[in-house]
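Please keep the sequence and the structure open alongside them.

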Amino acid sequence: MNFLLSIAFVLCWSSGFIGAKLGAGSAAAVTILMWRFLPLAAVLVVVALASGTAWRGLTTRDLGRQAVIGLLSQSGYLLTVYYAIQLGVSSGTTALIDGVQPLVAGALAGPLLGQYVSRGQWLGLCLGVSGVALVTVADAAAGTGAAWWAYLVPFLGMCTLVAATFFESRSRTRVAPTVSMTVHCATSAVVFTALAVSAGAARPPAELAFWSAIAWLVALSTFGGYGLYWLILRRSGVTKVNTLMFLMAPVTAVWGALMFGEPFGPQTALGLAVGLAAVVIVHRGDTSSTREEPVVPAVRSAR
C-alpha cells in the first residue's frame, strides 16, 4: 500500500508543474491560482457547514495554525512555482530546484523533531542530490532564456514547504484531513483573490486551455499531490516523504519531454535512475535501522 501511495504521490505532485505550464500561456500566475482555489474553497466550506463533526473541539488557535500551514505549503509554495515558470524557468528545472527539499528536511529532522536518521538514509539522501544535480546540469545546458535570479524563486518556494512541514509536524493537535484541506484552500483562495484583484488580473480568460489547466490542477495536484503529501508524511515520517521529492525532477522532465518537447537525454535518464536508487536506499535504511524512529505527530491535510 505504501509503495502504491508513493507512486501516486510522485505522479500527482509532478502534475502540478505540468499544469502550471499548461496554464502559463493563457493567464497570469495569480489568475490561474485564484480560479484554481476560489471555486474549490467555496465547495469545501459548504461541505464543512453541512457536516461539522470534524470541527468540534477545535480552537481558534488550531484553525489559525492550519491557516499558517496553508499559507506556507500552498499559497507561498505554489505562487513561487507558477511565477518561476512564467519567468521562463522550465517545468523540469523548477522541479529540480524543488528537489533540494529532501536534503534540507533530512538535515533538520534530527534537531527539530528528534527523528533518527540512519547512515543508510544519509547515503540515500546524498545519492538523491547527485541525481538531481545530473538532471539539473542537463536541463541548464539546454538553455531557457530565464534570468539568473528567476532560479531563486522556486528555491524560496522550497523553503516555505519545508517550513510548513516542520510547523505541522511539531503540532500535537489532531486535525481531520477535511478540516485541514478546507482551511488551507480557503486561505489560498483569499490570498490569490486579493493578489489577482489588486493586479487587475481577476477576470479569467475564456480559452479552453485555461479551464483545462484548472481542471487538471484541481483533480491531480490539489486532491492528489497535496493530499498524498500529508498522508504519507503522517504514515512514514519526514525523511521518507521528502526523499520521494527527489523523483519529482526526473519525472517532471519526462512529462515535459512528452507534452512540451522539452529536452530529455541520457543524462536526464541517468538522473532518474540515481533518484530511484536513492529512494530504495532510504526506505531500506529506515526499515533495517535498529533504533526506533519517533513517530511524527499526525498530519491531516490534503494539495
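Q: In which helix is Ile 7 found?
A: This is a predicted model, in which local features need pLDDT of at least 70 and side-chain atom pairs count only at pLDDT 80 or more, whereas totals for chains, interfaces and linings use all residues. Residues are numbered from 1 along each chain as its sequence is written, and side-chain values use heavy atoms, with hydrogens and water left out. Helices are DSSP runs of H or I with at least four residues, strands are runs of E with at least two, and both are numbered from the N terminus. On that basis, the element of residues 2-24 that holds Ile 7 is helix H1.

Q: Is Ile 7 buried, partly exposed or exposed?
A: Buried means under 20% relative accessible area, exposed means over 50%, and partly exposed is in between, with a 1.4 Å probe and protein chains only. The relative accessible area of Ile 7 is 38%, so Ile 7 counts as partly exposed.

Q: What accessible area do Phe 3, Leu 4, Ile 7 and Leu 11 have together?
A: These residues form a nonpolar patch on the surface. Patches are made of residues with over 30% relative accessible area and no salt bridge, with like charges joined within 9 Å and nonpolar side chains (Val, Leu, Ile, Met, Phe, Trp, Tyr) within 5 Å; a salt bridge is a side-chain nitrogen of Lys or Arg within 4 Å of a carboxyl oxygen of Asp or Glu. Accessible areas come from the Shrake-Rupley method with a 1.4 Å probe, and for residues only the protein chains shown count as cover. For this patch, the area is about 410 Å².

Q: What is the centre-to-centre distance in the aromatic pair of Phe 9 and Trp 13?
A: Rings of Phe, Tyr and Trp (its six-membered ring) pair if their centres lie within 6.5 Å, and planes under 30 degrees apart count as stacked, over 60 as edge-to-face and the rest as tilted. The structure holds 6 aromatic pairs. Phe 9 and Trp 13 lie 4 residues apart in helix H1, about one turn of the helix. Their pair is tilted, with 55 degrees between the planes and a centre-to-centre distance of 5.5 Å.

Q: Why does the pair of Trp 13 and Tyr 77 tie together parts that are apart in sequence, and by how many residues?
A: The two rings form a tilted pair, 5.7 Å centre to centre and with 40 degrees between the planes, and both residues are buried. Ring pairs also link Phe 9, Trp 13 and Tyr 77 into a cluster. Because Trp 13 lies in helix H1 and Tyr 77 in helix H3 (residues 60-86), the pair ties together parts whose separation in sequence is 64 residues.

Q: Over the ring of which residue does the charged end of Arg 65 sit?
A: A charge sits over a ring if NZ of Lys or CZ of Arg is within 6 Å of the ring centre and within 35 degrees of the ring normal. The charged end of Arg 65 is 4.5 Å from the centre of such a ring, and that ring belongs to Phe 167.

Q: What distance separates the C-alpha atoms of Thr 173 and Asp 62?
A: Thr 173 has its place in the loop between helix H7 (152-169) and helix H8 (177-198), and at 29% relative accessibility it counts as partly exposed. Although Thr 173 and Asp 62 are 111 residues apart along the chain, their C-alpha atoms are separated by 7.3 Å.

Q: How many residues apart in sequence are Thr 93 and Ala 253?
A: Thr 93 is found in helix H4 (residues 91-98) and is buried, with a relative accessible area of 6%. From C-alpha to C-alpha, Thr 93 and Ala 253 are 8.1 Å apart in space, while their separation in sequence is 160 residues.
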